[in-house]
Amino acid sequence: MSLLKEELERNLNKPEVDKASLRKVAWVRKDLLGLQELSREELELILSTAESFKEVISREIKKVPTLRGKTVVNLFYEPSTRTRTSFEVAAKRLSADVINISTDSSSVRKGETLIDTGKNIEALKVDIIVVRHNYSGAAAMLARNVHASVINAGDGWHEHPTQALLDIFTLKEKLGRIEGLNVSIVGDIAHSRVARSNIWGLTKLGAHVTVCAPPLLIPVSIEEMGVKVTSDVEAALKEADAVNVLRMQFERDTENAFPRQLEYFKNFGITVDRLKHAKKNILVMHPGPINRGIEISSEVADGPNSVILEQVTNGIAVRMAVLFLVAQAHDQLRSKARTRGAKKI
Amino acid sequence: MLMKEKSRIMDKDGLVRTLTRMAHEILEKNKGTEGLVIVGVRTRGAVLAERLAVLMEEIDQYKPPVGVLDITLYRDDLSSIAQQPVVHKTEIDFDIQDKKVILVDDVLYTGRTIRAALDEIVDFGRPLFIQLAVLLDRGHRELPIRADYVGKNIPTSLKETVEVRLKETDGVDEVVVMENME
Amino acid sequence: MKILIKNGFVVDPSSGFNDVMDILIENSLISRVEKNIQDAFDTLIDATDKIVMPGLVDMHVHLREPGREDKETVSSGTKAALRGGVTSVLAMPNTTPAIDSVEQVKLLKKIVQKTAHANVFLSSAITKGRMGQEVVDIVALKNEGVVALTDDGDSVDSTEVMREALMKARDANMLIICHSEDRSLVKNGVINLGLISTQLGLRGIPKESEYKRVERDLQLASATGAAIHIAHVSCCESIALIAEAKAKGTRVTAETAPHYFTLCDEDLMGYDTNLKMNPPLRTCKDREALRVALRDGILDAIASDHAPHTENEKEIEFDRAEFGVIGLETELAVSITELIETRLLDWSALVQKMANNPAKILGILKGTLKVGADADIIIVDSKREWTVTKECFASMSNNSSFLGRTLKGKVVCTIYGGKVVFKNT
């Protein structure tokens with residue numbers, strides 16, 4: 001009997017079991033459009049849910065039946081193998097059916113409006129639309145006009161919430177916390193939705209964020225978002241616990257704001273030499289696909305500080321969590337509406 | 001919903017006696033702890049699984065491995081449950097291939113939780129067999145599921161609910177029947 | 001035909017009225033404005049507890065005809081005007097083709113004669129085809145009845161051309177309305193440049209693009225002695241420049257629109273394309289400055305910049321949506337809600353900004369209750385609340401910034417040319 005007693009006492013000292021299941025915050029959003037609108041609690045809920053999904057995808061059988069019978073459409077107005085594949089894998093691991101629609105294969109080119117396309121997709125009885133669009137605000141507009149859940153997979157320069165969530169998830173997994181961390185984001189901040197979503201998420205969770213870019217690629221008033229601003233990459237690396245290196249998309253430079261590629265690498269590229277001045281265990285992240293020798297050197301990308309491939313794995317867990325949460329909230333909103341309707345009769 | 005306590009059907013000592021008997025029954029039927037693993041359904045099933053394993057160790061000097069199952073992702077009622085369940089990790093850090101799995105839950109009612117748990121377990125491997133141990137069976141099955149070990153059968157009406165309170169999760173060991181007053 | 005409006009609170013600073021009085025209308029003119037008129041009448045309108053004021057004069061309206069009759073026509077636009085209490089509008093000349101010649105003016109006048117439901121005053125472009133190169137024949141246009149010149153929608157980029165236009169306008173005693181915008185600074189901006197454009201990931205329009213051009217236009221007006229009117233002032237820097245010019249004696253007047261003194265860029269968080277206009281909504285600091293400038297008289301007029309667009313042009317991605325919002329049917333209620341209810345302006349000041357001053361600036365005999373004037377009169381229930389919906393508009397378009405808002409103050413009766421043309425009971 002003494003053993004049982006000990007066991008009980010040991011269990012009493014770790015009461016996390018039930019505390020954790022008392023949900024402090026419910027997920028009530030039909031859509032995930034950006035991190036700006038989320039509370040700290042909602043962010044933490046996504047992250048903790050993603051932790052459970054990380055366990056699921058490490059199983060022998062990586063598939064759970066949670067979203068069986070649901071249909072997810074990947075509506076991509078910009079080419080993106082990476083994000084699209086990640087959402088596709090995430091949805092399939094949840095047993096949902098997945099349809100991919102991209103600009104090349106749909107009526108998008110024929111001049112159909114986004115709202116019309118959305119409504120047509122919805123008429124196929126789709127539950128979740130994952131949308132990637134080259135215009136800022138497109139996901140919000142779609143969400144206002146369809147009943148299906150909308151997940152923003154990147155809209156213009158605005159937000160890319162699931163990318164930031166997987167970055168933050170990786171940080172938390174590696175460093176155990178977000179609160180108080182120094183995170184630097186280096187690259188084309190002005191045109192980066194990844195930067196904006198990371199700034200919202202990280203600052204809400206208590207990290208100190210520094211953005212670093214050539215002066216022409218720093219958007220006006222960004223310091224009012226609660227970040228430090230510098231154009232000195234060594235200063236940005238010095239105190240950083242992690243550096244998020246953004247992809248430089250020189251092909252998109254319509255305003256001649258970009259420096260030349262070699263010049264950029266010389267002044268801002270993340271190299272082994274530069275990391276010598278940083279903390280020894282600094283995490284190096286990159287949303288991918290990486291441009292070797294432009295924003296990051298191969299030695300760093302493949303080196304011991306890099307968590308770039310782990311980010312890809314974590315992307316699945318985070319996207320499963322987001323798909324699960326919006327589907328659950330959507331089902332509940334719908335069943336509440338049904339109950340209300342039934343009462344009327 | 002206004003609930004009133006109708007009757008108390010088990011206290012601390014009653015619970016210990018019942019669990020001890022169940023531990024004996026499990027060991028007797030399976031001829032000891034060899035090849036035995038215990039898997040509890042979150043949250044109270046997991047606590048009971050741990051207690052049963054400790055009791056088995058007292059009897060047989062070997063503590064079978066204990067795993068925790070979170071069945072949220074296998075539920076069939078995602079939309080109808082009033083409160084959103086939090087997804088927790090399933091923690092089975094041992095191989096269940098060809099093992100004798102004792103699945104543990106606190107209350108057996110419609111059988112839907114157990115259906116979900118069975119689906120999840122088989123996704124982890126192919127056990128030799130799965131046996132079900134529940135502290136209470138309150139009837140009203142909606143699926144053809146039956147427990148191998150039952151702590152106590154308590155016939156209930158649909159207006160009633162059975163609450164198992166455990167020291168680890170609720171600060172007290174007791175089982176009460178609650179009645180809906182509306 | 002005699003109409004007697006009884007017991008209304010009559011407000012018209014141009015005639016010194018600010019009291020409960022009666023108005024007698026005879027043969028489409030105002031014949032008496034006195035207390036307690038005892039006279040025979042054909043129609044009696046009881047205006048007890050209502051405000052009676054001159055029909056509003058909106059000096060910035062895009063009627064879209066000719067060329068874009070799918071957005072608005074002279075007929076639909078003037079119907080919308082009457083609902084909003086506006087009895088006189090200045091039609092902007094950026095139609096297709098642009099109004100830039102005697103021939104075009106004659107064509108438009110024919111349409112107006114046939115289809116208008118309210119007074120439509122005509123403006124002409126400053127330059128032919130609004131191309132910013134060749135100044136129009138100002139004297140001929142004036143003789144045809146044009147009351148102002150503007151390339152609205154675009155600014156005359158060439159300082160030399162603008163100087164020439166101002167000198168000719170001065171000699172012809174013609175007003176030039178300035179759309180002050182340096183497009184080279186706007187680039188592809190869609191909202192005000194600042195924290196909000198950064199957060200939303202939208203290209204920003206710097207304030208410099210407005211006030212640098214306001215500064216140039218003021219300098220040219222001062223140098224030439226011509227009279228200019230600055231349209232749609234949106235930022236505090238422009239206000240400061242206008243105040244300075246006025247103090248120096250430059251012949252300048254200025255207007256702003258209800259959306260600028262009611263909304264700001266922070267309202268754009270949902271990417272609502274009905275909040276997309278040019279100039280863009282500025283910061284809340286600018287909004288406050290506009291309110292103060294209205295109170296202090298630096299801004300002379302409130303005009304709607306009524307700019308109808310079809311749903312096809314608005315219900316698309318923010319970057320692709322057209323600039324501009326409608327305003328004829330909401331401008332009075334928004335002004336009452338935002339300026340009277342907040343005690344920033346009194347009724348007399350509001351009537352000045354929306355009727356007396358615009359008429360004076362354009363040199364037209366409208367916007368007044370003087371005995372002998374045309375009987376363009378509106379009766380307003382200042383306490384009635386109403387919610388703006390897509391369905392409530394007489395305009396062919398419904399791109400209003402105020403959809404969903406509850407406003408205070410409703411036009412219950414519009415009298416145009418001595419006839420009751422709109423009634424809302």
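1. Basis. The model is predicted; local features need pLDDT of at least 70 and side-chain atom pairs count only at pLDDT 80 or more, while totals for chains, interfaces and linings use all residues. Residues are numbered from 1 along each chain as its sequence is written, and chains are lettered from A and ligands numbered from 1 in the order in which they are written.

2. Domains of chain A. Chain A splits into domain 1 (28-160 + 315-328) and domain 2 (161-311), with bounds from an automatic or database domain assignment. Their C-alpha centres are 25 Å apart.

3. The domain boundary. In chain A, 23 residues of domain 1 contact 22 residues of domain 2; a contact requires C-beta atoms, placed from the backbone, within 7 Å of each other. On the domain 1 side, helix 3 (40-57), strand 4 (149-155) and helix 13 (308-344) of chain A each give two or more residues. Helices (H or I, at least four residues) and strands (E, at least two) are DSSP runs numbered from the N terminus. Helix 3 of chain A gives the largest share, five residues. By class, this side of domain 1 of chain A has 10 nonpolar, eight polar and five charged residues; Ala, Val, Leu, Ile, Met, Phe, Trp, Tyr, Cys and Pro count as nonpolar, Asp, Glu, Lys and Arg as charged, and the others, including Gly, as polar.

4. Chains A and C. Here 21 residues of chain A contact 16 residues of chain C. Helix 5 (114-123), helix 6 (138-145) and helix 8 (193-204) of chain A each supply at least two residues to the chain A side, with the largest share, three residues, coming from helix 6 of chain A. The chain A side comprises 11 nonpolar, seven polar and three charged residues.

5. Other chain pairs. Two pairs of chains are in contact, and chains A and B share the most contacts. Chains B and C have no contact; their closest C-alpha atoms are 28 Å apart.

6. Fold of chain B. Chain B has four helices and eight strands, in the sequence order β-α-β-α-β-β-α-β-β-β-α-β. Of its contacts with a separation of 6 or more, 69% join residues 24 or more positions apart.

7. Dimensions of chain B. The radius of gyration of chain B is 16 Å, which agrees with the value near 16 Å for a compact globule of 182 residues; the radius is taken over C-alpha atoms, and the globule rule is 2.2 Å times the number of residues to the power 0.38. Along the principal axes, the C-alpha atoms of chain B fill a box of roughly 50 × 40 × 30 Å.

8. Burial in chain B. Of the 182 residues in chain B, 41% are buried (20 or more other C-beta atoms within 10 Å of the residue's own, C-beta atoms being placed from the backbone).

Technical notes. Buried ≥ 20, exposed ≤ 12 C-beta atoms within 10 Å, placed from the backbone.
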